[in-house]
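Trainee: Can you walk me through this one? I'd like to start with the backbone.
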Amino acid sequence: MKLLGDIAIPLIISAVLIYALSKRVDIFPAMTEGAKNGIKTVMGIVPALVVLLPGIYMLRASGFI
């Protein structure tokens, strides 16, 4: 099981690169566009996390949960 965990990420990255090369996709612009979209997604989620996480911690500390 440890071996699978050690090689999972390199296998996924290799599979994506091989698929992109087989479809003749320009990899660098596709990755930078994906990173831009990922940053936009993170910026949309962060305000909710800033509110929810302290609220959950307060509920745990109070013994309500």
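**Backbone first**

Mentor: Helices here (H or I, at least four residues) and strands (E, at least two) are DSSP runs, numbered from the N terminus. Keep in mind that this is a predicted model: local features need pLDDT of at least 70, side-chain atom pairs count only at pLDDT 80 or more, and totals for chains, interfaces and linings use all residues. Residues are numbered from 1 along each chain as its sequence is written, and side-chain values use heavy atoms, with hydrogens and water left out.

Trainee: Which residue that follows α1 has a positive phi?

Mentor: Arg 24 follows α1, with a positive phi near 60 degrees. Arg 24 is a residue other than glycine. Most residues other than glycine have a negative phi. Arg 24 is found in the loop between α1 and α2.

Trainee: Is Arg 24 buried or exposed?

Mentor: Arg 24 counts as exposed, because its relative accessibility is 77%. The cut-offs are these: buried means under 20% relative accessible area, exposed over 50%, partly exposed in between (1.4 Å probe, protein chains only).

Trainee: How many helices and strands are in the chain?

Mentor: The chain has 2 helices and 0 strands. Its radius of gyration is 19 Å, well over the 11 Å that the globule rule gives for 65 residues, so the chain is more spread out than a compact globule. That radius is taken over C-alpha atoms, and the globule rule is 2.2 Å times the number of residues to the power 0.38. The C-alpha trace spans about 55 × 35 × 10 Å along its principal axes.

Trainee: How much of the chain counts as buried?

Mentor: Of the 65 residues, 2% count as buried. The chain exposes about 5,900 Å², and carbon and sulfur atoms supply 76% of that. Accessible areas come from the Shrake-Rupley method with a 1.4 Å probe; for residues, only the protein chains shown count as cover.

Trainee: Back to α1. What span should it have?

Mentor: Helix α1 covers residues 2–22, and its 21 residues should span 30 Å at 1.5 Å a residue. Its end C-alpha atoms are 30 Å apart, which agrees. The expected span is 1.5 Å times one less than the number of residues in the helix.

Trainee: Where does α1 bend?

Mentor: α1 bends by about 40 degrees at Ala 8, and Pro 10 follows within four residues. The bend at a residue is the angle between axes fitted to the seven residues ending there and the seven starting there. α1 lies largely in the open, because the number buried among its 21 residues is 1.

Trainee: Which side chains meet in a salt bridge?

Mentor: Asp 6 and Lys 2 do, at 3.4 Å, N to O. The structure holds 1 salt bridge. The rule is a side-chain nitrogen of Lys or Arg within 4 Å of a carboxyl oxygen of Asp or Glu. Both residues lie in helix α1, 4 residues apart, about one turn of the helix.

Trainee: Now α2. How many residues does it have?

Mentor: α2 has 36 residues. It reaches 50 Å from its first C-alpha to its last, close to the 52 Å expected. A kink of about 30 degrees in α2 is centred on Leu 49.

Trainee: Which residues form the nonpolar patch on the surface?

Mentor: Among them are Ile 45, Leu 49, Leu 52, Tyr 57, Phe 64 and Ile 65. The patch has about 910 Å² of accessible area together. Patches are made of residues with over 30% relative accessible area and no salt bridge: like charges are joined within 9 Å, nonpolar side chains (Val, Leu, Ile, Met, Phe, Trp, Tyr) within 5 Å. Ile 65 sits in the segment after α2 (27–62), and Ile 65 counts as exposed at 66% relative accessibility.
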